[in-house]
Amino acid sequence: MTNKKFKAKCTLEGKTFRDVAKTLGLSKSELHRKLSEKDFSIREIDVIAKSLKIDEREFDNIFFAG
């Protein structure tokens, strides 16, 4: 997951990192750790995608781009 694109999508959807973390049942610091380590489960990716309204075009670009 690319942090820059993730942050941009959060901003576009009017969500903060704290909002996304809460949706996942994580603290803000745990979300930052997972972002830096690229350590998300499939369930977490699915929850993030739904929460941020990420469509199929954006999905690979946000979650799997280098």
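A residue is called buried here when its relative accessible area is under 20%, exposed when that area is over 50%, and partly exposed in between, as computed with a 1.4 Å probe on protein chains only. By this criterion, buried residues make up 36% of the 66 residues in the protein. The structure is a predicted model, in which local features need pLDDT of at least 70 and side-chain atom pairs count only at pLDDT 80 or more, while totals for chains, interfaces and linings use all residues. Residues are numbered from 1 along each chain as its sequence is written, and side-chain values use heavy atoms, with hydrogens and water left out.

The protein has five helices and zero strands, where helices are DSSP runs of H or I with at least four residues, strands are runs of E with at least two, and both are numbered from the N terminus. Read from the N terminus on, the elements therefore follow the order α-α-α-α-α. The radius of gyration of the protein, 11 Å, is close to the 11 Å that the globule rule gives for 66 residues, so the protein is as compact as a globular protein of that length; the radius is taken over C-alpha atoms, and the rule is 2.2 Å times the number of residues to the power 0.38. Along its principal axes, the C-alpha trace spans about 30 × 25 × 20 Å. Taking contact to mean heavy atoms within 4.5 Å, one finds that, among contacts between residues at least 6 apart in sequence, 49% join residues at least 24 apart.

Two packed helices are described by the angle between their axes and the distance between the axes. The axes of helix α2 (residues 17–24) and helix α4 (residues 42–51) come within 10 Å and cross at roughly 130°, the axes being lines fitted to C-alpha atoms over the stretch in contact, with angles that run from 0 to 180 degrees between N-to-C directions. Helices α2 and α4 are therefore oblique to each other, since angles under 35 degrees count as roughly parallel, over 145 as roughly antiparallel, 65 to 115 as roughly perpendicular and the rest as oblique. On the side of α2 the contact is made by Val20, Thr23 and Leu24, and on the side of α4 by Arg43, Glu44, Val47, Ile48 and Ser51.

Helix α1 (residues 3–12) contains lysine 9, which is buried, with a relative accessible area of 7%. Residues up to four places away in sequence not being counted, lysine 9 touches Leu52, Lys53, Ile54, Glu58 and Ile62. Cysteine 10 is also found in helix α1 and is buried, at a relative accessible area of 1%. Leaving aside neighbours within four places in sequence, cysteine 10 is in contact with Lys15, Phe17, Val20 and Leu52. The C-alpha atoms of cysteine 10 and serine 51, which are 41 residues apart along the chain, are separated by 9.3 Å.

Lysine 38, in the loop between α3 (28–37) and α4, has a positive phi of about 50° although it is not a glycine, and lysine 38 is exposed, with a relative accessible area of 54%. Lysine 53, which lies in the loop between α4 and α5 (56–63), likewise has a positive phi, of about 55°, although it is not a glycine. At 60% relative accessibility, lysine 53 counts as exposed.
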